[in-house]
Amino acid sequence: DQYSHHYKTRINSEKTAGMMTKVKRLITEVASLSSGLPLYLESSVFFRVDDERIDVMQAIITGPANTPYDSGCFLFDIYCPADYPKVSPLVNLQ
């Protein structure tokens with residue numbers, strides 16, 4: 001298996017043909033994320049996109065100080081299914 005990801009079964013089984021609508025939308029959205037995510041010493045969001053499949057992503061959110069999430073790192077596996085953007089992305093808190 002190529003992916004160490006919560007949705008790897010779906011990723012490996014989905015056909016890549018006919019994904020142009022999804023890919024076009026994701027290119028636009030990922031480009032806006034490159035400059036739009038919060039980056040602060042006390043809490044930040046880090047985002048990573050697979051080199052070969054733009055619909056396979058991971059995010060880490062660090063918890064802000066003086067909250068129950070203080071100093072925590074929260075890893076999310078994200079996958080945009082074939083019908084994206086008509087359906088929501090799948091997100092799993094690891």
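**Notebook: sheet, loop, cysteines, rings**

I started with Phe47, which stands opposite Ala59 in S2. Before going further I noted that this is a predicted model, where local features need pLDDT of at least 70, side-chain atom pairs count only at pLDDT 80 or more, and totals for chains, interfaces and linings use all residues. Residues are numbered from 1 along each chain as its sequence is written, and side-chain values use heavy atoms, with hydrogens and water left out.

**The hairpin**

I looked up the next pairing and found that Arg48 has Gln58 in S2 as its bridge partner. S1 and S2 run antiparallel and are joined by five bridges. My note on terms: strands are DSSP runs of E, at least two residues, numbered from the N terminus, and two of them pair if DSSP finds at least two bridges between them. S1 and S2 make a hairpin, with six residues between them.

**The loop**

Next I checked Arg53, which sits in the loop between strand S1 (45–49) and strand S2 (56–62). Is Arg53 buried or exposed? Arg53 is buried, because its relative accessible area is 10% and buried means under 20% (exposed is over 50%, partly exposed in between; 1.4 Å probe, protein chains only). Its side chain makes a polar contact with the side chain of Asp55, at 2.8 Å. For that I used N or O atoms within 3.5 Å, one able to donate a hydrogen and the other to accept it within protein; residues adjacent in sequence count only if both atoms are side-chain atoms.

I then traced the open sheet: four strands in the order S1-S2-S3-S4, with antiparallel pairing. S1 and strand S4 (90–93) are the edge strands, each pairing on one side only. Neighbouring strands here are turned by 20° against each other on average, direction ignored. The axes are lines fitted to C-alpha atoms, and angles run from 0 to 180 degrees between N-to-C directions.

**Cysteines**

How many disulfides does the structure hold? I found zero, using a cut-off of 2.5 Å between a pair of cysteine sulfur atoms. Cys73 counts as exposed because its relative accessibility is 60%. Cys80 is buried, at 2% relative accessible area.

**Rings**

Last, I searched for aromatic pairs and got one. Tyr69 and Phe74 form it edge-to-face, 5.9 Å centre to centre with 80° between the planes. Rings of Phe, Tyr and Trp (its six-membered ring) pair if their centres lie within 6.5 Å; planes under 30 degrees apart are stacked, over 60 edge-to-face, the rest tilted. Phe74 is partly exposed, with a relative accessible area of 26%.
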